[in-house]
Amino acid sequence: MQLNPTKYPNNVRTISGNAVVFPDDTILLCDTSTGAVTLTLLEVPANNWNIFYKLFVLDNSNNAATNNITINAPSGQTLNLSSSVVINTNGGGYVVQISGNAGYLGTPTSGGGGGGVTSVGVTSPITSTGGTTPTIGIT
C-alpha cells in the first residue's frame with residue numbers, strides 16, 4: 001500500500017534571511033550563499049502536540065561556516081534545553097522533534113559537506129557534580 005502524497009506531503013522549502021516556519025514544513029533548505037539564516041520554531045501548544053513531528057533544517061548552499069544558521073526556540077520554550085542552536089559547519093543540518101509541552105529536542109545531521117552542529121547557545125549556567133555519575137543542573 002502506498003501513502004497518499006496529498007495526505008502526507010513532505011513540504012520542502014528553500015529559505016534565507018529571517019525565515020518563518022510554517023506548521024506543515026518538513027524540510028527547510030537554508031540558502032547560506034549570500035547571508036546568515038535565522039528561523040524561530042513554532043510554539044508547542046500545551047497538551048496538543050505530536051511526538052512524530054520532525055523538521056529537517058539543512059545547509060543547502062554548503063556555506064554555513066561563513067553564514068551561520070540559527071534555530072531559535074519559541075519564547076518560553078527550549079531546543080535541547082537552550083534558547084537556540086547554531087549550525088556553523090558547511091553542509092550541516094539539524095533534525096528537530098517536539099519533546100513535550102516545554103519545547104523541542106534536536107539532533108545534528110551530516111549534510112552534503114559532512115558537517116553538523118558545533119555550537120549550542122545556552123542562556124542559563126550549567127553545572128555538573130558527581131564525578132563518574134554526574135548530576136547536571138541548570139540554574
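**Overview: the order of the elements.** From the N terminus on, the protein runs β-β-β-β-β-β-β-β-β-β-β-β-β. That makes 13 strands and zero helices; here helices (H or I, at least four residues) and strands (E, at least two) are DSSP runs, numbered from the N terminus. You're looking at a predicted model, where local features need pLDDT of at least 70, side-chain atom pairs count only at pLDDT 80 or more, and totals for chains, interfaces and linings use all residues. Residues are numbered from 1 along each chain as its sequence is written, and side-chain values use heavy atoms, with hydrogens and water left out. Of the 139 residues, 34% count as buried (under 20% relative accessible area; exposed is over 50%, partly exposed is in between, with a 1.4 Å probe and protein chains only).

**View 1: Asp 59, a buried charge in strand S5.** Asp 59 sits in strand S5, residues 54-59. This residue is buried but has no salt bridge (a side-chain nitrogen of Lys or Arg within 4 Å of a carboxyl oxygen of Asp or Glu). Its nearest side chain of opposite charge, Arg 13, is 16 Å away (Lys and Arg count as positive, Asp and Glu as negative; His and the chain ends are not counted). What Asp 59 does have is a 2.7 Å polar contact, side chain to side chain, with Thr 32. For a polar contact, think of a pair of N or O atoms within 3.5 Å; within protein, one must be able to donate a hydrogen and the other to accept it, and residues adjacent in sequence count only if both atoms are side-chain atoms. A polar atom of the Asp 59 side chain also lies 3.3 Å from the backbone nitrogen of Ser 61.

**View 2: Phe 56, also in strand S5.** Phe 56 is found in strand S5. It counts as partly exposed because its relative accessibility is 29%. Leaving out residues up to four places away in sequence, Phe 56 touches Thr 26, Ile 27, Leu 28, Tyr 94 and Val 95 (contact means heavy atoms within 4.5 Å). Gly 106 is 50 residues from Phe 56 along the chain, yet their C-alpha atoms are 9.6 Å apart.

**View 3: Asn 101, in a loop.** Look between strand S9 (93-100) and strand S10 (103-109) and you'll find Asn 101 in the loop. With 35% relative accessibility, Asn 101 is partly exposed. Beyond residues up to four places away in sequence, Asn 101 touches several residues, including Pro 45, Trp 49 and Gln 77.
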